[in-house]
Amino acid sequence: MMESVPDLQSSMYMTIDGYPCVRLLNLSGEIGCSNPGREKVVAPIITLNNANELTQLSAVLLSVDEIESFFARISNDTTFASNVAGVLVESGPEIQNKLKGFSPALKFPQSDFAPYRSINYEWNPIGSGIMWNTYNFPVFLLSQSSTLTLQEAALNNEKSKKSYTADVAEFDLVMQTMKAGTHDSKSCLEENTCLPLGGYSVWSSLPPINISSSVQSKPIILAVASMDSASFFRDKNLGADSPISGLISLLAAVDALSKGNIVDDFNKQLVFIVFTGEAWGYLGSRRFLLELDLQSDAVSGLNYSLIERVVEIGSIGKVLNQEAKNFFVHTAGTSSATNETLDALRIAQDSVKSDHIVVLSANASNPGIPPSSLMAFLGKDSLTSGVVLEDFDTVFTNKFYHSHLDDLSNINSSAIVAAASLVARTLYILASGNKNTSSSALTSINVNVSLVEELMGCLLDCEPGLSCELVKNYITPANTCPSNYVGVIVDEPSSTPYIGYVSDISRFVWNFLAEKTSISKENATSVCSKDCSNDGRVCIRAETDGKGVCVVSTTRYVPAYSTRLKFESGSWTVLPPNNSDPMGLLDAVWTESNWNTIGLRVYTVQNSSFDNIVLLGSIAITVLAYFAIVITRAFLTKALKRD
């Protein structure tokens with residue numbers, strides 16, 4: 001029973017769950033999706049197999065396996081494209097098993113930053129590149145329940161072609177940059193219709209660095225992973241294999257290294273860093289290197305000249321459960337440090353006998369390292385010693401790279417556990433110099449399998465998602481379902497940002513690393529107070545109970561955003577190109593358009609032709625009624641005169 005206007009509206013309009021493709025901009029133009037103007041778009045729903053020739057504006061419903069051919073046709077057939085009002089992409093259970101692959105990324109992602117010239121090489125041969133094009137119509141990925149609703153609506157329209165009603169989709173995807181006519185990053189930042197892509201990377205040292213010491217002389221071993229991915233659909237963006245499997249592996253390795261008194265053996269400094277913004281021009285790693293040059297507070301205690309080597313954990317989640325788990329090591333050139341890293345990996349492999357891990361050097365015919373944060377380090381110094389650990393040799397094994405389908409079902413926990421074991425022991429060997437495979441210290445480094453499985457459930461699923469006990473032990477998450485899209489920088493970047501502007505994942509990683517790399521000290525477990533940041537201490541778990549715990553740890557946030565941007569007087573300015581910064585010259589300066597609301601609704605409307613018939617019928621009835629009145633009046637007047 002309807003008792004109010006909202007009740008009436010809810011009975012007429014059905015709100016649809018979906019994930020939008022949004023408008024992104026750079027210095028040279030824009031990509032992504034938007035309504036074509038300032039108004040909502042309304043169009044009847046039709047399935048793609050009934051849309052060979054569109055005769056009117058239509059909302060096209062299609063399956064994932066039809067996306068690439070559909071967008072290819074849009075690019076080549078302007079007549080067809082002109083009648084596409086919007087696109088609705090279906091979801092379904094276990095859709096990955098029905099597809100050979102789907103990757104909207106390029107065949108060589110971010111090839112501009114490659115430290116070699118073979119930019120036509122195809123690391124991602126299945127990549128279509130459709131997410132890098134501009135679409136002046138809305139595109140939504142539907143939830144599974146909404147898919148059924150839209151399929152029913154399309155079927156109703158197919159059955160009732162000759163009737164006078166139609167089920168329509170109403171798209172509210174009006175981007176501020178379209179309304180204001182600001183179609184590149186420079187103009188939209190000037191008009192405040194967009195915000196820069198970015199977030200906060202996190203670094204932590206094991207053991208903590210004595211910041212008060214004027215001399216930092218230990219060589220640094222930098223262990224790197226990434227926490228952000230990309231997707232055609234902004235908020236359906238998990239990146240399970242690429243790159244979150246590497247992140248989970250690194251976190252599990254840090255946990256394994258934090259047990260006992262292993263750090264007492266270290267004669268080198270371990271530093272763990274988790275970058276964000278890497279999917280958009282290596283924002284995190286390039287900004288980190290710039291902050292090192294500036295010696296900002298965000299990198300206090302670190303010295304670039306002390307970085308001896310980089311060990312990056314990339315996509316490692318698809319190593320199959322075979323007799324042997326093969327991991328491939330991609331190296332940047334040859335040097336004594338690189339050879340030492342390779343030796344350490346092989347010693348670690350031999351020490352983990354039960355997991356049947358095999359470490360293989362990547363094919364010598366590869367043009368160089370695959371797309372990775374290490375490219376940023378090589379862009380700064382081509383002699384940087386570094387390796388990237390991957391689950392592939394010559395081409396990606398991930399068939400859903402930078403796709404919404406790169407989810408929990410695309411990886412396996414045993415691969416992540418094996419990689420974490422390999423990484424933890426390799427880092428110990430490099431930091432301590434202990435190469436004895438049977439040493440008690442080395443064999444005591446074991447990965448917590450339960451932790452890996454818990455991290456997978458927390459970071460790559462909605463159940464339990466970020467509401468899992470592990471995450472809630474450190475932070476109060478803003479969302480339950482994780483999304484590993486980089487997001488935007490809302491306010492002035494800082495090494496001590498307002499936590500409301502820091503993503504759930506970054507805050508969790510910061511708290512997790514701060515605790516795992518902390519050392520015991522008198523009063524180290526006291527409740528946080530105003531002077532908690534003194535004496536090398538930080539406050540963890542402050543969100544959970546409002547009090548937090550002080551621990552001795554060197555853990556920092558590092559802003560991640562374009563090196564071509566400057567924030568001053570409450571607004572962003574694009575800096576002129578600097579010829580002394582070759583990678584800065586390649587910086588696209590990615591931004592995301594602002595919007596007021598984003599929504600998708602379905603409802604039934606009468607066909608305009610039916611309205612015309614009703615109008616004509618009404619006019620005809622009115623005219624006939626008029627003549628009837630005139631005739632009747634004349635007849636009555638005549639009859640009365642006779643009487």
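**Backbone exceptions, ring pairs and overall form**

At a relative accessibility of 21%, Arg 541 counts as partly exposed. The model described here is predicted. Arg 541 is not a glycine, yet its phi is positive, at about 60°. The residue is placed in the loop between strand 19 (537-540) and helix 16 (542-545). The value of 21% puts Arg 541 in the partly exposed class because buried means under 20%.

A positive phi is also found at Val 589, again a residue other than glycine, with a value near 55°. Val 589 lies in the loop between helix 17 (582-585) and strand 24 (591-593). Its relative accessible area is 0%, and Val 589 is therefore buried. Thus Val 589 is buried, whereas Arg 541 is partly exposed.

Cis peptide bonds were examined next. One joins Leu 206 and Pro 207, with omega at about -5°. Pro 207 has its place in the loop between strand 12 (199-206) and strand 13. Another cis bond runs from Ser 242 to Pro 243, where omega is near 10°. Pro 243 lies in helix 7.

The overall form of the protein is as follows. Its secondary structure comes to 18 helices and 25 strands. The C-alpha trace spans about 130 × 55 × 50 Å along the principal axes. The protein has 643 residues, and 53% of them count as buried. Contacts between residues at least 6 apart in sequence were also sorted by separation; 79% of them join residues at least 24 apart. The accessible surface comes to about 28,300 Å². Carbon and sulfur atoms hold 51% of this surface. Charged side chains number 45 positive and 65 negative. The centres of the two sets lie 4 Å apart.

Aromatic rings were then searched across the whole structure. The search finds 30 aromatic pairs. Phe 71 and Phe 232 form one that is tilted, with 5.6 Å from centre to centre and 50° between the planes. Phe 71 belongs to helix 2 (residues 67-76), and Phe 232 to the loop between strand 13 (220-226) and helix 7 (240-257), so the pair ties together parts 161 residues apart in sequence. Both partners are covered by the buried class: Phe 71 has a relative accessible area of 2%, and Phe 232 has 8%. The rings of Tyr 498 and Tyr 501 form an edge-to-face pair, because their planes stand at 85°, with the centres 5.1 Å apart. Here the accessibility values are 56% for Tyr 498, which counts as exposed, and 39% for Tyr 501, which counts as partly exposed.

Ring pairs also build a cluster. Its members are Phe 70, Phe 71, Phe 80, Tyr 135, Phe 137, Phe 232 and Phe 233. The tilted pair of Phe 71 and Phe 232 thus has both of its residues in this cluster.

The charged end of Arg 287 sits over the ring of Tyr 561, at 3.9 Å from the ring centre. Lys 380 lies over the face of Tyr 304, at 4.9 Å from the centre of that ring.

Asn 83 lies in the loop between helix 3 (78-82) and strand 7 (84-89). With a relative accessible area of 17%, Asn 83 is buried. Residues up to four places away in sequence being left out, Asn 83 touches Leu 54, Thr 55, Gln 56, Leu 57 and Ser 58.

Asp 355 has its place in the loop between helix 9 (336-351) and strand 17 (357-361). Its relative accessible area is 22%, and Asp 355 is partly exposed. Asp 355 is in contact with Lys 325, Ala 418 and Ser 421, leaving aside neighbours within four places in sequence. Asp 355 and Glu 122 are 233 residues apart in sequence. In space they are 32 Å apart, C-alpha to C-alpha.

How values were computed: Residues are numbered from 1 along each chain as its sequence is written. This is a predicted model: local features need pLDDT of at least 70, side-chain atom pairs count only at pLDDT 80 or more; totals for chains, interfaces and linings use all residues. Side-chain values use heavy atoms; hydrogens and water are left out. Helices (H or I, at least four residues) and strands (E, at least two) are DSSP runs, numbered from the N terminus. Buried means under 20% relative accessible area, exposed over 50%, partly exposed in between (1.4 Å probe, protein chains only). Contact means heavy atoms within 4.5 Å. Accessible areas come from the Shrake-Rupley method with a 1.4 Å probe; for residues, only the protein chains shown count as cover. Lys and Arg count as positive and Asp and Glu as negative; His and the chain ends are not counted. The place of a charge is taken as NZ of Lys, CZ of Arg, CG of Asp or CD of Glu. Rings of Phe, Tyr and Trp (its six-membered ring) pair if their centres lie within 6.5 Å; planes under 30 degrees apart count as stacked, over 60 as edge-to-face and the rest as tilted. A charge sits over a ring if NZ of Lys or CZ of Arg is within 6 Å of the ring centre and within 35 degrees of the ring normal.
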